[in-house]
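Me: I'm new to this one and would like to learn how to read it. Could you walk me through it, one feature at a time?

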Amino acid sequence: MSNTETAPLKIIRPKLPKHLETLDLTQTTIDDRSELAQSVCEEQELSYVTADKVLFDQMQFHHVTFSHVSFPHAELTDVVFSHCDLSNVDFSESVLHRVRFEHCKIIGMDLTATTLRNIVFTDCAGDYATFRFSNMKLVSFQDNSLLKSDFYHSEFTKVEFSRCMLNEAQFSGTSLKGIDLSNTEFFNLGVTLEDLQGCIISPAQAILFTKIFGLVIKE
């Protein structure tokens, strides 16, 4: 392995029991401090629900639409979202452990000031998603569209972006040291020279950054 290559992250997958009870969200009352555990939800829609400090533990959501839903200060542990629509869901100031978002719409999802540990986002539409002031450790973004997403003043430890579209994403105040952006796609980023120190980029991206910062290459 060359000095510029990074080893794949060893992210712990959600720990789920072999059997989960089916849960009908339309028949479930979710209030502040509600607990949803060891259940699977499929082909449902949850609409117009606001609740604080909800606990999600060992849950699977398949083809579930969350519409006008707000769960600030939530705790999600061992949860899988597959083919779900979480657009504009509010998970601000929440804690997520061992959570996967697979083939989901997370457009505009609010993860402001969240703590993220052992998280995977794969093949998701996440334009305008907000991760500002988040603390991430062992987080993988794979094959996602994250156009105009917001990572302002976040803390990255072992975070990877693989084959993601990041055009006009905001990284100001976030150190990208050790972060490999070489196989991501963008034409502009909200970033400073200080943020980029130690970041891994491709030669083409290096030329692009000279334009972003108004530098002139003399031949």
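Predicted model: local features only at pLDDT ≥ 70, side-chain atom pairs only at ≥ 80, totals over all residues.

Me: How many disulfides does the structure hold?

Reply: The idea is to check how far apart the cysteine sulfurs lie; a disulfide needs them within 2.5 Å. Here there are zero disulfides. For C84, the nearest cysteine sulfur belongs to C104 and is 4.8 Å away. C84 is buried too, with a relative accessible area of 3%. As for C164, its nearest cysteine sulfur is that of C124, 9.5 Å away.

Me: Why is β4 described as largely enclosed by the rest of the structure?

Reply: Count its buried residues. Seven of the eight residues in β4 (residues 75-82) are buried, so the strand is largely enclosed by the rest of the structure.

Me: Which residues touch the most other members of the largest nonpolar core?

Reply: In soluble globular proteins, nonpolar side chains tend to be buried together. The largest nonpolar core here has 59 residues, and those touching the most other members are F61, F71, F81, L86, F101, F141 and F161. Several elements each supply at least two residues of this core, among them β2 (35-50), β8 and α2 (203-212). The largest share, six residues, comes from β3.

Me: What is F61 in contact with, leaving aside its neighbours within four places in sequence?

Reply: Its contacts include L25, C41, F66, F81, S82 and C84.

Me: Last one: how many aromatic pairs does the structure hold?

Reply: There are 22. One of them, F133 with Y152, is edge-to-face, at 5.5 Å centre to centre and 90° between the planes. This pair links distant parts of the chain: F133 sits in the loop between β6 (115-122) and β7 (135-142), Y152 in the loop between β7 and β8 (155-162), and they are 19 residues apart. F133 is partly exposed at 43% relative accessible area, and Y152 is partly exposed at 27%.

Note on methods
Residues numbered from 1 in each chain as written. Heavy atoms only, no water. Phe/Tyr/Trp six-rings, centres within 6.5 Å; stacked < 30°, edge-to-face > 60°. Helix = DSSP H or I, 4+ residues; strand = E, 2+ residues; numbered from the N terminus. Buried < 20%, exposed > 50% of the residue type's maximum accessible area, 1.4 Å probe, protein only. Core = buried A, V, L, I, M, F, W, Y, C linked by side-chain atoms within 4.5 Å. Contact = heavy atoms within 4.5 Å.
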